[in-house]
Amino acid sequence: MTPQDIDFDLSEEERSIRDLVHKFAEQVMRPAGQALDRRSAEEVIAHDSILWDVHKKWNDLGVHMFAADPAAFTPAQLARLTCIVTEELGWGDAGLAISLGASEFPAMLAGTTQNPEVMAAFPVSKIGCWAITEPDHGSDSLDMGADTKRPALQKPNCVARRDGDFYVISGQKAAWVSNGTIADTAALYCAVDNGDGVNGWGVLLVDLNARGVTRGRPLEKLGQRALPQGEVFFDDARVPLTQLVIPPEMYPMGIELTLCSANGFMGATFVGCARAAYEMALEYAKQRVQGGKTIIEHQAVKMKLFEMFRKVEAARALNRRVVLYNTIHNPFLGAPEGSFPAVQFAIASKVTSTQTSFDVASDALQIFGGNGLSYEYPIEKILRDARASMIEDGTNEVLALHAAERL
Ligand SMILES: Cc1cc2nc3c(=O)[nH]c(=O)nc-3n(C[C@H](O)[C@H](O)[C@H](O)COP(=O)(O)OP(=O)(O)OC[C@H]3O[C@@H](n4cnc5c(N)ncnc54)[C@H](O)[C@@H]3O)c2cc1C
């Protein structure tokens, strides 16, 4: 029985979507992720890079996570599909899964406006990004509080100033923006000045091919190397008022909703990453012979594999439960008035899955012995990918502190 068989109650449609995405993860993402991991950050985004192929093939598949048509599914179906699809992508390659997920973010926000012009300008087929962190405001930028004295408001690195029917954006976002170097569109979370100084942040949808937008150098880093990252600079870039999708007075609610969906997405992605490491270790342990028998027959190895299996199953169970609750209680998906997702549970899932993926990948590497350290085997890469996730979209410590405020 495989970990997928436990989902015995999937509908025919859900099963076929899962199988389709698994095939994409296995045949497209795995080989591409491993190849891109060995390239320089410049080569990852070069015109002949396999990265473009991954985005194109994913787009052609027509399966979307954040930007799925809510009318096509009940919220419960949408929640389950989001978890299943995202786990398969994380299983294929964590860095590419983040690149594909972040890409849908502007389209998802455009959909919440129900404004046909905005929706047409920010379709899911364009590569998007979530630009929130700044050189001087990493953890600060994830603060959900409405306190106007918080540091990200006092000295922002990026400001959108109102000028008649436009916002004029100046400044920059951090080198950590996923897809920052390749995106056509951005969901830009930044300080807003409506003529009376900066007293809040808002969210604007921005065409990154417009005048006044430039990119930084592609970032070299330890893990998730297939995920292109880099700064985005704004020099008086003009954006129509209609593209301010979350105004400052709604920002505290907007950032909380964002953290609810981003943490649920991270939770599912790194269940997949952990499952990949577990499966590779299990297969290796059934083949590698030491002491006259396969190493799985040694009790210490067998025990380790059970612990890995148990942790993956626990992380998945938490993720499914949290995403179900938060999808059903999402005001943009037809939730009854007064209901709202629970960010502390979403954060619990992100922290659990990312810590699990790191622990399971580390145990997997141990089971591979010396081979685990070698570039010839995929485990050292998965360990590096998992390590990055504990900082990605908010460090686990800072997220935990925000969640603890709600206990
Ligand atoms: C793989 C990856 C993908 C990412 N993708 C994106 C993206 O798509 N878009 C984007 O905008 N950003 C993205 N980021 C940036 C990410 O959100 C930040 O790196 C993260 O929020 C931490 O910010 P920082 O790196 O500036 O660290 P800092 O905020 O400088 O934190 C440094 C250390 O201090 C601790 N610390 C900071 N503040 C506090 C506090 N108040 N209390 C206790 N401890 C604290 C932190 O836990 C950490 O250990 C990504 C990062 C990574 C690694």
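**Exercise 1. Into which domains is the chain divided, and where are their bounds?**

Solution. Begin with the conventions. The model is predicted, so local features need pLDDT of at least 70 and side-chain atom pairs count only at pLDDT 80 or more, while totals for chains, interfaces and linings use all residues. Residues are numbered from 1 along each chain as its sequence is written, and side-chain values use heavy atoms, with hydrogens and water left out.

Step 1. Domain bounds come from an automatic or database domain assignment.
Step 2. Domain 1 covers 12-113, domain 2 covers 126-250 and domain 3 covers 252-404.

**Exercise 2. Describe the interface of domain 1 and domain 3.**

Solution.
Step 1. Taken over C-alpha atoms, the centres of domain 1 and domain 3 are 17 Å apart.
Step 2. Contact means heavy atoms within 4.5 Å. On this basis, 27 residues of domain 1 touch 30 residues of domain 3.
Step 3. Buried area is the accessible area (1.4 Å probe) that two parts lose on being put together, summed over both. Between domain 1 and domain 3 this area is about 2,400 Å², and carbon and sulfur atoms give 68% of it.
Step 4. On the side of domain 1, Cys83, Glu87 and Ile98 lose the most area to domain 3, together 23% of what that side buries.

**Exercise 3. How many salt bridges cross the interface of domain 1 and domain 3?**

Solution.
Step 1. A salt bridge is a side-chain nitrogen of Lys or Arg within 4 Å of a carboxyl oxygen of Asp or Glu.
Step 2. The rule finds 6 salt bridges across this interface.
Step 3. For a pair to check by hand, take Arg316 and Glu87, whose side chains form a salt bridge at 2.9 Å, N to O.

**Exercise 4. Which helix holds both Lys56 and Asp60?**

Solution.
Step 1. Helices (H or I, at least four residues) are DSSP runs, numbered from the N terminus.
Step 2. Both residues lie in helix α3 (residues 50-61).
Step 3. Lys56 and Asp60 are 4 residues apart, about one turn of the helix.
Step 4. Their side chains meet in a salt bridge of 2.7 Å, N to O.

**Exercise 5. Which residues come nearest to the ligand?**

Solution.
Step 1. A residue is near a molecule if one of its heavy atoms lies within 4 Å of it.
Step 2. There are 20 residues around the ligand, of which Trp130, Thr133, Ser139, Ser178 and Thr395 come nearest.
Step 3. For Trp130, a backbone N or O atom lies 2.7 Å from a nitrogen atom of the ligand.
Step 4. A polar backbone atom of Ile132 is 3.0 Å from an oxygen atom of the ligand.

How values were computed:
A polar contact is a pair of N or O atoms within 3.5 Å; within protein, one must be able to donate a hydrogen and the other to accept it, and residues adjacent in sequence count only if both atoms are side-chain atoms. Helices (H or I, at least four residues) and strands (E, at least two) are DSSP runs, numbered from the N terminus.
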